[in-house]
Amino acid sequence: MSAMVDSDSVYAIAESVFSAMIDGDEGLLLPWEGDLPQFADPLYAWVDLLGEWQGRAALTTEAPTAHALARALLMMGDDEVVSDADLIDAFGEIANVVGGNVKALLPTQGTLGLPRVDAVLPPHEGGSLSQELRLSWRGQPIVVAVWLFG
Amino acid sequence: MRALVIDDSRTMRRIVSGTLHNLGFETVEAEHGQAALDVLDSGVHVDLACIDWNMPVMDGLTFVTQVRADPALRDITLMMVTTESEQSQIVRALAAGAHEYLIKPFTADAIREKLEWLGLVPAEEYV
């Protein structure tokens, strides 16, 4: 999958998702410069890719950044509190759109699982990391990762 | 004009509905295909349905197939709004009876352009 899902394609997908859904044309998603700090309060959003080619597309960021993403997606004010339901739905939908477009890079047609959001990313036996993009959104770290299973 | 926005993500429902409101539509929302059929069965008339593909309970393709099988619903314009971007999926949806196909992520301009092509909003004049 690494050859099919190259880092440039995943970056293009992530950039397109953020510009179309979150930031407009401003282009606020950039490569992370330097060492990535360890996440203190991480939140994960992911979808599993099912079918002949199985894998997972996941986003990781700090919980406050996930709240900021949800506020941006839902066009809420900076001071508005994001409910847990809105946080899970909005952050999960970003992973869903990224995952759906990653799935389109695969050579055979598969299906997409439903998005999930949690403080822990469940491991998948036999999974190997295909791509890991370390990105910056409004100066905060976001990791977009794609795994291959089996 | 009234649109039915069908998506299991309420975030996406809000985004699509907000864009449609700006284009002059009233909107009704449903979280999956069966809930959307229930809305239509209740007698609510809609001119347009914007339909996600991957949803629990009833997916968007099944919804399209069921709507197309009901002559009473033949006037509804069906537009898939989905991450399913493979050509084969687009062909499946159009063959099932969808009129248009919009791939996520999309911009408000992309929705407007699709609706212009479908004749549901007046074409914007460019100077």
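1. The model is predicted: local features need pLDDT of at least 70, side-chain atom pairs count only at pLDDT 80 or more, and totals for chains, interfaces and linings use all residues. Residues are numbered from 1 along each chain as its sequence is written, and chains are lettered from A in the order in which they are written.

2. Chain A holds three helices and seven strands, taken as DSSP runs (helices H or I, at least four residues; strands E, at least two) and numbered from the N terminus. Their order from the N terminus is α-β-β-β-α-α-β-β-β-β.

3. Of the 150 residues in chain A, 42% are buried (20 or more other C-beta atoms within 10 Å of a residue's own, with C-beta atoms placed from the backbone). The C-alpha trace spans about 45 × 30 × 30 Å along its principal axes.

4. Helices H2 (residues 63-73) and H3 (residues 84-103) of chain A pack at about 85 degrees, with axes 9 Å apart; axes are lines fitted to C-alpha atoms over the stretch in contact, and angles run from 0 to 180 degrees between N-to-C directions. H2(A) and H3(A) are therefore roughly perpendicular (65 to 115 degrees). Among the residues making this contact are Leu69(A) of H2(A) and Phe91(A) of H3(A).

5. Between the chains, 17 residues of chain A are in contact with 17 of chain B (C-beta atoms, placed from the backbone, within 7 Å). On the side of chain A, helix H1 (7-23) and H3 each give two or more residues, and H3(A) provides the largest share, seven residues.

Conventions:
Angles under 35 degrees count as roughly parallel, over 145 as roughly antiparallel, 65 to 115 as roughly perpendicular and the rest as oblique. Two residues are in contact if their C-beta atoms, placed from the backbone, lie within 7 Å. A residue is buried if 20 or more other C-beta atoms lie within 10 Å of its own, exposed if 12 or fewer, and partly exposed in between; C-beta atoms are placed from the backbone.
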